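Please open the structure in your viewer and keep the selection tool at hand.

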Amino acid sequence: MSERPRALVTGASRGVGAAVARALAPTHDLLLGGRDGTVLDALCEELPGSRPWAVELTEVTEADVEGIDRLDLLVHSAGVVRLGHLADTPAEVWRRTLEVNVVAVAELTRLLLPALRAARGHVVLINSGAGLRANPNWGSYAASKFALRAFADVLREEEHANGLRVTTVYPGRVDTDMQREVRAQEGGPYEPGRYLDAGSVARAVLTAVTATPDAHVTEITVRPAAGPTR
């Protein structure tokens, strides 16, 4: 059996999640979470020591984590975004956004806490600049990311005695398929040269994960060098 540390990455089929998986692959055995099994299978072929974990996060159960008795790292990268004025945002958008971006994160973490405690592991949450500042049209998404920030803060305090580290990463706009969807909703041009590379966010994750034992990196904010974008 491999003695390498074990990590589970959600949202690994694309964007930041896939970049994080590639960054961790040289040092970790990986479970790659996502909905598209075909894409996950292809990524697992690319990354030795990885295997797919095709689970619907909003319906995760104890059966889905059966056999995971030790987990060194859990990276939450899955998420959804739907923009719009508050006056035009119906309850189903709020429910879906909070369900995926917060409730699913909380439940998966809860189910995996025994495995994380056994390894004195690390939980990394990919948040957003929207988790620090809420702008017009971003109401439901920003609310979910503010809630995710609160979840991380509480988890860090509650599990400190069990040896867990908890890190929140706040990226600015990232050159991903999700960002293309956002720009389409905003009705603006897609300008990849003005956005972060997903690999840059993955390197921020590595900074936290590879910190020396005396250091607990609690928050990292990463912004595009090109400056603010809207």
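Is the crossing of α3 and α4 left-handed or right-handed? Before turning the view to decide, keep in mind that this is a predicted model, and select residues 91-119 for helix α3 together with residues 139-159 for helix α4. The crossing of these two helices, α3 and α4, is right-handed. Their axes lie 9 Å apart and the helices pack at an angle of about 15°; because angles under 35 degrees count as roughly parallel, α3 and α4 are described as roughly parallel to each other.

Next, show the side chains where these helices touch: the α3 residues in the contact include Val 93, Trp 94, Leu 98 and Arg 117, while those from α4 include Tyr 141, Lys 145, Phe 151 and Glu 159. Sorted by class, the contact of α3 with α4 has 13 nonpolar, six polar and three charged residues.

Just after α3, select Arg 120, which takes a positive phi of about 50°.

For the last stop, select helix α1, residues 15-24, and helix α6, residues 198-209, whose axes come within 8 Å and cross at roughly 55°. That angle makes α1 oblique to α6, and the crossing of α1 and α6 is right-handed. Among the residues that meet here are Val 16, Ala 19 and Val 20 in α1, and Val 201, Ala 202 and Val 205 in α6. By class, the contact of α1 with α6 has 10 nonpolar, two polar and no charged residues.

Methods:
Residues are numbered from 1 along each chain as its sequence is written. This is a predicted model: local features need pLDDT of at least 70, side-chain atom pairs count only at pLDDT 80 or more; totals for chains, interfaces and linings use all residues. Side-chain values use heavy atoms; hydrogens and water are left out. Axes are lines fitted to C-alpha atoms, for helices over the stretch in contact, and angles run from 0 to 180 degrees between N-to-C directions. Helices (H or I, at least four residues) and strands (E, at least two) are DSSP runs, numbered from the N terminus. Angles under 35 degrees count as roughly parallel, over 145 as roughly antiparallel, 65 to 115 as roughly perpendicular and the rest as oblique. A crossing is left-handed if the near helix is turned anticlockwise from the far one by less than a right angle, and right-handed if clockwise. Contact means heavy atoms within 4.5 Å. Ala, Val, Leu, Ile, Met, Phe, Trp, Tyr, Cys and Pro count as nonpolar, Asp, Glu, Lys and Arg as charged, and the others, Gly among them, as polar. The expected span of a helix is 1.5 Å times one less than its number of residues.
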